[in-house]
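Trainee: Could you take me through this structure feature by feature, giving the general idea before the particular case?

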Amino acid sequence: GKDKELIRGSWESLGKNKVPHGVIMFSRLFELDPALLSLFNYNTNHGSTQDCLSSPEFLEHVTKVMLVIDAAVSHLDDLPSLEDFLLNLGRKHQAVGVNTQSFAVVGESLLYMLQCSLGQAYTAPLRQAWLSMYSIVVAAMSRGWAK
Ligand code: HEM
């Protein structure tokens, strides 16, 4: 449908430059919730946000996040096939101390990155399409939190 076209069309160029776009996203995340910085324990001796943003481990995580988004975009016709993967991914995030509520802030940061990168192409329907896909991904990850 229209949603899938909007997502695929906008990801085509963004997905080719995962790291810089992911860095915009996570810079925004740490602006909105600086406490999340401490969950990245490779950010030792309480370095600055800037130190974290430039550390190789952090950039690897940014790449991992972008690859999950990439997988979701390529599986738009069959998102349930990612269910087990995402549930396990949720479990891993519970183990490192992430709270499911933080995913809403990650979503805001994703939209912020899209807005910065797409300019005029960032429209209300496009925003809604991304939000719907992101909600499905996050719902699946959240099922990894033991009740
Ligand atoms: C792993 C933190 C959001 C994808 C990790 C790790 C940490 C972490 C500490 C383990 C160390 C590492 O692999 O670098 C966070 C925090 C988040 C967040 C604080 C936001 C609140 C996300 C999101 C996604 C994601 C939204 C994807 C949609 C991954 C992947 C791994 C990972 C793929 C590797 C898991 C594995 O080892 O199999 N995350 N993460 N993360 N994260 Fe995140």
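Mentor: We will go through the pocket, the metal site, the salt bridges and a few pairs of positions. This is a predicted model, in which local features need pLDDT of at least 70 and side-chain atom pairs count only at pLDDT 80 or more, while totals for chains, interfaces and linings use all residues. Residues are numbered from 1 along each chain as its sequence is written, and side-chain values use heavy atoms, with hydrogens and water left out.

Trainee: How much space lies in the largest pocket?

Mentor: The search runs on a 1 Å grid over the protein atoms alone, and a pocket is an open set of points with protein on both sides within 12 Å along at least five of seven lines, whereas a cavity is a set where a 1.4 Å probe fits but cannot get out; lining residues have an atom within 4 Å of a point. Grid points are joined across faces, edges and corners, and the volume is the space filled by probe spheres set on the points. Here the largest pocket holds about 760 Å³. Its lining consists of 31 residues, and those nearest its centre are Phe26, Phe40, His61, Val65 and His93.

Trainee: Which helices each supply at least two residues of that lining, and what is its make-up by class?

Mentor: Helices (H or I, at least four residues) are DSSP runs numbered from the N terminus, as are strands (E, at least two). At least two lining residues come from each of α2 (18–32), α4 (56–74), α5 (83–95), α6 (102–118) and α7 (124–142), and α4 gives the largest share, with eight residues. For the classes, Ala, Val, Leu, Ile, Met, Phe, Trp, Tyr, Cys and Pro count as nonpolar, Asp, Glu, Lys and Arg as charged, and the others, Gly among them, as polar. By that scheme the lining has 23 nonpolar, four polar and four charged residues.

Trainee: Which protein donors does the iron atom of the ligand have?

Mentor: Donors are N, O and S atoms within 2.8 Å of the metal (3.2 Å for Na, K and Ca), and sites may look incomplete because water is not among the atoms. In this model the protein donors of the iron atom are the NE2 atoms of His61 and His93, lying 2.0 Å from it. His61 belongs to helix α4 and His93 to helix α5, so the pair ties together parts that are 32 residues apart in sequence.

Trainee: Why is the arrangement around the iron atom called octahedral?

Mentor: Six donors count as octahedral if opposite donors are over 155 degrees apart and all others between 65 and 115; four count as square planar under those limits, or as tetrahedral if all angles lie between 85 and 135 degrees, and anything else is irregular. The six donor atoms around the iron atom subtend angles of 84 to 180°, which makes the arrangement octahedral.

Trainee: Are His61 and His93 buried or exposed?

Mentor: Buried means under 20% relative accessible area, exposed over 50%, and partly exposed in between (1.4 Å probe, protein chains only). Both His61 and His93 are buried.

Trainee: How many salt bridges are found in the whole structure?

Mentor: A salt bridge is a side-chain nitrogen of Lys or Arg within 4 Å of a carboxyl oxygen of Asp or Glu. The search finds four. One of them joins Lys4 to Asp77, with 2.8 Å between the closest N and O atoms. Lys4 sits in helix α1 (residues 2–14) and Asp77 in the loop between α4 and α5, so this pair ties together parts that are 73 residues apart in sequence. Lys4 is partly exposed at 26% relative accessibility, and Asp77 is exposed at 59%.

Trainee: Where do the side chains of Glu31 and Arg28 lie relative to each other?

Mentor: Glu31 and Arg28 are three residues apart in helix α2, which means that about one helical turn separates them, and their side chains meet in a salt bridge of 2.7 Å, N to O. Glu31 is exposed, with 54% relative accessibility, whereas Arg28 is partly exposed, with 24%.

Trainee: What do Arg143 and Glu83 form?

Mentor: Their side chains meet in a salt bridge, at 2.7 Å from N to O. This pair links distant parts of the chain, with Arg143 in the segment after α7 and Glu83 in helix α5, 60 residues apart.
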